[in-house]
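Subject: Structure handover

Hello,

Here is the structure we discussed, with notes on what came out of it. Please look through the model before reading on.

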Amino acid sequence: WEYCRAPKPGARATPEKALVDWLYLAKSPRSKRPLPPKGDMDLDKISISKLRRLAKAAGIGDYVETWLQ
């Protein structure tokens, strides 16, 4: 996570974007990717507002809200 958080050359995604991508793939009926286990993540280290904004833009806002509960 720290690699993605710092604005370094070559950084490709933020932790929030990576999580949105994972949730998007887990939601896809064509994917066998499981939902990320919330207990394995420290959600206090990411911006929930940014996560929600990115999820809404990806069309999975409601899905992410359900996962966050």
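**Confidence and helix H3**

Confidence in the protein is highest in helix H3 (residues 48–58), at a mean pLDDT of 95, and lowest in helix H1 (residues 2–5), at 54. This is a predicted model. Its average pLDDT is 85, and 84% of the residues score at least 70. Where pLDDT is low, the predicted coordinates should not be read in detail.

Which residues of H3 are buried? They are Leu51, Leu54 and Ala55. These residues lie on the same side of H3, because they cover an arc of only 100° around the axis. The face turned away from that buried side carries the exposed residues Ser49, Arg53, Lys56 and Ala57. The buried residues pack against helix H2 (15–27) and helix H4 (61–68). After H3 comes Gly59, with a positive phi near 85°.

**Leu51**

Leu51 is a residue of H3, and its relative accessible area is 0%, so it counts as buried. Leaving aside residues up to four places away in sequence, Leu51 touches Glu16, Leu19, Val20, Ile46, Val64 and Leu68. For one of these, Glu16, the C-alpha atom is 5.0 Å from that of Leu51, although the two residues are 35 residues apart along the chain.

**H3 against H4**

The axes of H3 and H4 cross at roughly 145° and come within 7 Å. On the H3 side, the contact is made by Ile48, Leu51, Arg52, Ala55 and Lys56; on the H4 side, by Gly61, Val64, Glu65 and Leu68. By type, the residues of this contact are five nonpolar, three charged and one polar.

**Salt bridges**

How many salt bridges does a search of the whole structure find? There are two.

In one, the side chains of Arg52 and Glu65 meet at 2.5 Å, N to O. Arg52 is in H3 and Glu65 in H4, so the pair ties together parts that are 13 residues apart in sequence. Arg52 is partly exposed, at 40% relative accessibility, and Glu65 is also partly exposed, at 28%.

In the other, the side chains of Asp21 and Lys17 meet, with an N to O distance of 2.5 Å. Both residues lie in H2, four residues apart, about one turn of the helix. Asp21 has a relative accessible area of 32% and is partly exposed; Lys17, at 34%, is partly exposed as well.

Regards

How values were computed
Residues are numbered from 1 along each chain as its sequence is written. This is a predicted model: local features need pLDDT of at least 70, side-chain atom pairs count only at pLDDT 80 or more; totals for chains, interfaces and linings use all residues. Side-chain values use heavy atoms; hydrogens and water are left out. pLDDT is the predictor's confidence in each residue, from 0 to 100. Helices (H or I, at least four residues) and strands (E, at least two) are DSSP runs, numbered from the N terminus. Buried means under 20% relative accessible area, exposed over 50%, partly exposed in between (1.4 Å probe, protein chains only). The arc is that of the directions from the helix axis to the C-beta atoms. Contact means heavy atoms within 4.5 Å. Axes are lines fitted to C-alpha atoms, for helices over the stretch in contact, and angles run from 0 to 180 degrees between N-to-C directions. Ala, Val, Leu, Ile, Met, Phe, Trp, Tyr, Cys and Pro count as nonpolar, Asp, Glu, Lys and Arg as charged, and the others, Gly among them, as polar. A salt bridge is a side-chain nitrogen of Lys or Arg within 4 Å of a carboxyl oxygen of Asp or Glu.
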